[in-house]
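Open the model in your viewer and keep the selection tool at hand. The stops below go one at a time.

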Amino acid sequence: MATAAPAAATTRRSVFLGVDVGTGSARAGFFDEQGKLLGSASSPIQIWKEGDCVEQSSTDIWHAICAAVKAACSIANISGEDVNGIGFAATCSLVAVDADGSPVTVSWSGDSRRNIIVWMDHRAIKQAEKINSSNSPVLQYCGGAVSPEMQPPKLLWVKENLRESWSLVFRWMDLSDWLSYRATGDDTRSLCTTVCKWTYLGHAHMQQSEKDSRDMEACGWDDDFWEEIGLADLVDGHHAKIGRSVAFPGHPLGTGLTPVAAKELGLIAGTPVGTSLIDAHAGGVGIIESVPESDTEDKGNDKEAICHRMVLVCGTSTCHMAVAESKLFIPGVWGPFWSAMVPEYWLTEGGQSATGALLDHVIENHVASPLLANRAASQSVSVFELLNKILESLKHDLKTPFLAALTENIHVLPDYHGNRSPLADPQAKGVICGLTLDSSEKQLALLYLATVQSLAYGTRHIVEHCNAHGHTIDTVLACGGLAKNPLFLQEHADIIGCPIILPRESESVLLGAAILGAVAAKKYSGLREAMKALNAAGLVIHPSNDPRIKKYHDAKYRIFRELYEQQLAQRSIIADALA
């Protein structure tokens with residue numbers, strides 16, 4: 001898939017390349033000095049799913065990146081000489097390679113291609129429980145508990161279950177760090193990946209600023225933690241396997257693109273490459289300064305204004321990110337992470353493990369789904385657009401006072417893949433209350449709407465929880481695939497009760513990655529300056545001022561919260577019965 005912006009004059013341009021590896025594809029996008037997208041392309045990547053195990057191949061991903069970059073170059077009419085800097089972003093998946101950089105399997109299958117444990121993999125739930133029982137001081141910096149989606153539980157799982165692989169691995173890397181390593185030969189790790197997913201204590205570097213643009217010795221590892229959980233061997237060699245040096249996002253790595261990587265990508269050797277970001281955090285960098293100028297003026301203090309915003313990066317899952325000038329410890333919410341997204345700010349990171357994935361699951365597993373998909377294809381619209389039309393028709397036919405009220409008898413708890421925030425309960429399950437024998441397209445539309453609302457109630461829960469623990473969030477910025485769905489956005493605005501700002505450029509993750517390249521190329525003094533220069537606001541969705549809608553959602557939100565409490569009670573009853 002490829003997209004291009006309107007053709008521009010064929011003069012030599014100053015262009016920045018952003019690469020983003022998501023769950024299902026690798027994408028590449030070129031941006032100019034105003035942060036405008038010149039062209040982008042994507043290439044699919046392979047994924048293996050077997051129960052709780054979800055795996056990918058670093059070789060396959062690199063090939064997909066090369067294809068996407070070359071296609072985007074062609075679409076945007078970009079030559080390698082035009083590209084001033086490159087940045088990589090990717091899911092927080094775990095990559096295993098040997099001393100030669102070759103893949104080491106992390107799969108029960110023994111397939112050497114399968115050397116990545118994907119972010120959503122939940123094989124390590126028991127290992128996460130074991131780690132959390134240690135009560136290590138590092139746990140207070142990830143909401144009090146590690147998630148099975150973080151790297152320490154996955155590393156412990158491999159050591160306990162795949163001993164041969166464990167002995168062969170020379171480097172364990174977050175995917176985005178591996179991409180920059182593959183491009184430059186420099187295995188310096190990002191403060192973003194190490195702090196957010198590896199329990200690295202970034203605030204060990206608080207005396208160093210982003211302006212000290214250099215590799216920093218990795219002094220933020222807690223050796224006692226690794227020893228206590230049974231991974232003392234990762235401390236060996238000054239933490240050689242997990243990272244001996246770290247850097248602020250955007251720091252230039254090595255001498256830029258190696259000749260080999262440059263040839264594979266169709267670019268120029270030596271092109272600066274910035275230290276990477278996790279994909280959601282790149283979305284944050286690509287959008288958090290995308291506020292209308294009037295909003296900036298109203299908030300006054302520029303350093304404090306950014307702290308009133310929460311970024312939603314809405315894709316397969318949703319990440320909820322907010323920053324603060326001081327560290328805020330929030331139970332069940334990851335962080336506080338120092339300099340993990342915006343340098344020298346503390347990041348709070350909430351999340352929902354399945355959002356786009358949940359909507360796809362609900363729709364595709366409904367008996368009316370094949371007919372609906374055929375109708376959407378015949379009308380050349382997406383399934384979501386068709387469902388939104390069906391809901392508008394239902395509202396008219398049933399004379400419902402407002403569209404949201406169509407779900408008065410359907411209530412959903414969206415924790416099909418556990419609850420990441422703010423409950424931090426990977427054992428939580430999804431609930432649908434209000435099913436009938438109706439299996440029509442109309443019933444599917446109502447279930448879809450109730451599921452969208454449940455995701456918005458989950459976000460409201462996260463926002464309220466963060467504000468109750470010191471944040472002052474009053475504005476939401478949204479990007480990602482779900483942010484292209486007007487129903488999803490309006491329900492979120494109405495349920496959270498604050499405006500939702502969209503960026504001018506919809507590809508915020510790609511822009512965030514490209515900003516890393518701009519910083520690495522020394523076009524800006526630092527990440528914050530680059531963000532202000534390249535972010536721009538687009539459409540603003542305001543919450544309804546109809547008091548009936550607020551009253552309705554307040555009632556539904558109360559039921560939403562009760563559904564989880566009921567689940568806990570039911571879990572206890574069954575546990576007693578089986579004791």
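Start with the side chains of E562 and R558, which meet in a salt bridge, N to O at 3.5 Å. A salt bridge here is a side-chain nitrogen of Lys or Arg within 4 Å of a carboxyl oxygen of Asp or Glu. The two residues are four apart in helix α20, so about one helical turn separates them. Helices (H or I, at least four residues) and strands (E, at least two) are DSSP runs, numbered from the N terminus. R558 counts as exposed because its relative accessibility is 60%. E562 is partly exposed, with a relative accessible area of 34%. The classes are these: buried is under 20% relative accessible area, exposed is over 50%, and partly exposed lies in between (1.4 Å probe, protein chains only).

A word on the source: this is a predicted model, in which local features need pLDDT of at least 70 and side-chain atom pairs count only at pLDDT 80 or more, while totals for chains, interfaces and linings use all residues. Residues are numbered from 1 along each chain as its sequence is written, and side-chain values use heavy atoms, with hydrogens and water left out.

How many salt bridges does the structure hold? There are 28. Select K197 and E349 for one of them, at 3.7 Å, N to O. This pair links distant parts of the chain: K197 sits in helix α6 and E349 in strand β18 (residues 346–352), 152 residues apart. Both K197 and E349 are buried.

Go next to E505 and R504, whose side chains also meet in a salt bridge (3.7 Å, N to O). E505 is buried, at 17% relative accessible area. R504 is partly exposed, at 35%.

**Helix α6**

Return to helix α6 (residues 191–197) and pick T194. Is T194 buried or exposed? It is buried, with a relative accessible area of 2%. Leaving aside neighbours within four places in sequence, T194 is in contact with R189, T199, Y200, W221 and V246. Contact means heavy atoms within 4.5 Å. Now draw a distance from T194 to S317: their C-alpha atoms are 20 Å apart, across 123 residues of chain.

**The cores**

Select L155, W172, W226 and I515. These have the most contacts inside the largest nonpolar core, which has 91 residues. A nonpolar core is a set of buried Ala, Val, Leu, Ile, Met, Phe, Trp, Tyr and Cys residues joined through side-chain atoms within 4.5 Å. Helix α18 (residues 508–520) gives the most to this core, with nine residues. Another core lies apart from it, with 51 residues that include A445, V463, A483 and C498.

Zoom in on W172. Beyond its neighbours within four places in sequence, its contacts include L94, V106, L155, W166, W198 and I242.

**Covered helices**

Show helix α5 (residues 175–184). Nine of its 10 residues are buried, so the rest of the structure largely encloses it. Among the buried ones are D177, W178 and Y181. G185 follows α5 and has a positive phi, near 80°.

Then show helix α10 (residues 279–287), where nine of nine residues are buried. D279 and H281 are among them.

**Helix α15 and what follows**

Which elements do the buried residues of α15 pack against? They pack against α13 (356–364), α14 (369–378), α16 (441–468) and α17 (486–496). The buried residues are L386, L387, N388, I390, L391 and L394.

After α15 comes K399, in the loop between α15 and β19. K399 is not a glycine, yet its phi is positive, about 55°. It counts as exposed, at 71% relative accessibility.

Select N77, in the loop between α1 (58–76) and β7 (83–90). It is another non-glycine with positive phi, about 60°. At 51% relative accessibility, N77 counts as exposed.

Look for cis peptide bonds at two places. The bond from G335 to P336 is cis, with omega near 5°, and P336 is in strand β17 (residues 334–338). The bond joining S421 and P422 is also cis, with omega about -5°. P422 lies in the loop between β19 (411–413) and β20 (431–433).
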